[in-house]
Amino acid sequence: MNKSVLTSVISVVAFLSLLGAFAPNASAQSRANVVDEVAWVIGDETILLSDIERQRLYYESTGQRMEGNARCIIPEQMAIQKLFLNQAQIDSVYPNEQMVTVAVNQWLDAVVNEVGSREKVEEYFGRNFAQIRAERRKVVSEEYVMMQMQQKLVGDIQVTPSEVNRFYDTVNRDSLPFMPLTVEVQIVTQEPKVQVSEVDRVKQKLIEYSDKISKGEMSFETVARIYSEDGNTALKGGEMGFVGRAELEPEFANVAFGLPDNDKVSRIVKTARGYHIMQLIEKRGDQINVRHILLRPHVDGDELTATTNRMDSIAHLIRVDSLPIEVAAKYYSYDEDSRLSNGQMVNANHQSLYYGTSRFVMEDLPQEVSAQVAKLQEGEISAPFTMLDKNNNTVVAIVKLKKRVPGHRANVVDDYQVVKGIVLQKKQDETLHEWIREKQKKTYVRISPEYRQCEFQYPGWLEQ
């Protein structure tokens, strides 16, 4: 599928801006080596020769190649960006400040985690933290404005079934994307019971950790690094980074947002992932950053065996047609995501082409499920197996391979939404291309002579 015009503008400009933020020393050097002058004028906006050269050097420093002449492609992409931003001002399109704040905070947190501390970040960038934040905020704000302008221009475009069929009837089949093998899977899970004594053991451990921290015998960060069972945060001393209330489990959020200061350790909190204690780092508006220590009760071996035996009996009943898997899922399964949908697994990988559907490429499935599905024929039920659920708790599962679709060229029977997406993208691209060409005619453009030999994607720059 073709990228939209604006998406490619954003990808180039945002990428170059990101490089600029990560290499300020190179930026200073490139500026020093370029005699600054105005290279392009787009309406009331200017593009400096030094900015074009700096961004070209940043791009080349990555070792990636740009198809075509970078000295021509980069300023044209910057000029297209100016057109969208100028129109956004006219149409009073502004970014969602809350979303910008969240994105900037997440970026800053990632940079601090990568470099080691705020002081090292300031040293690396050669600017204080407030300046870094302000520069990043400008980049993110422009990205959001451009995306909003794109949505405003193409958001109402629709595709009818007749358009999809007409496109499919006329398109060269070899130009359609090759669709990988996909499967549809039903699942039933049960969670082994945890002994009360094991829960008590976990709680007692957390009480001991809390006492050591409160008495100053060990820091929260040290305890988290040594004992926390949250693999994502343990090495960072339990720090979670800034998140909003909606991003946290309700039980966890209620305690986290109620923490009064940075010294106290919270009470023990139970969530679907296990048992936690936490400590406040910083509140910033409706965002919060806390450290936490997670412990999970361990499953007793006898209970695991008993649960496996129960699941084996359920699998047998399904195989002999005494119990439909849909009924087994509804009445016996612990999997809340599939229990009420006949056990049907839904693709939760946001990066997948099949996100939100019942189709999976094998890599999108949990590893334990994928290993079982690979051995099954359509309609077969697996033997019971253990796996970790989305909360990293041990469960016993059985799966049924409902459907397997071999790899193939996209078609309107198996891949209607994919083909529809191609047609929609094509219409959106055409709309954006036409919008840019019309804006060129109505916008004052002046280009330095050295760029007038370029072969631009939009030759209208040279017609003024």
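The model is a predicted one, in which local features need pLDDT of at least 70 and side-chain atom pairs count only at pLDDT 80 or more, while totals for chains, interfaces and linings use all residues. Residues are numbered from 1 along each chain as its sequence is written, and side-chain values use heavy atoms, with hydrogens and water left out. Helices (H or I, at least four residues) and strands (E, at least two) are DSSP runs, numbered from the N terminus.

Helix H9 covers residues 196-214. At 1.5 Å a residue, its 19 residues should span 27 Å, and the end C-alpha atoms are 27 Å apart, which agrees; the expected span is 1.5 Å times one less than the number of residues. Glu 198, Val 199, Val 202, Leu 206, Tyr 209, Ser 210 and Ile 213 are the buried residues of H9. Seen down the helix axis, these buried residues fall within an arc of 120 degrees, so they line one face of H9. The arc is that of the directions from the helix axis to the C-beta atoms. On the other side of H9, Val 196, Ser 197 and Ser 214 are exposed. Buried means under 20% relative accessible area, exposed over 50%, and partly exposed in between (1.4 Å probe, protein chains only). The cover over the buried residues includes helix H10 (220-227), strand E7 (274-284) and strand E8 (287-295).

Two packed helices are described by the angle between their axes and the distance between the axes. The axes of H5 (residues 97-115) and H6 (residues 118-125) come within 8 Å and cross at roughly 95 degrees. H5 is thus roughly perpendicular to H6 (65 to 115 degrees; under 35 counts as roughly parallel, over 145 as roughly antiparallel, and the rest as oblique). Axes are lines fitted to C-alpha atoms, for helices over the stretch in contact, and angles run from 0 to 180 degrees between N-to-C directions. In this pair, Trp 107, Val 111, Val 112 and Val 115 of H5 meet Arg 118, Lys 120, Val 121 and Phe 125 of H6, where contact means heavy atoms within 4.5 Å.

Ser 92 lies in the loop between H4 and H5. Its phi is near 55 degrees, a positive value in a residue other than glycine, and Ser 92 is partly exposed, with a relative accessible area of 46%. Most residues other than glycine have a negative phi.
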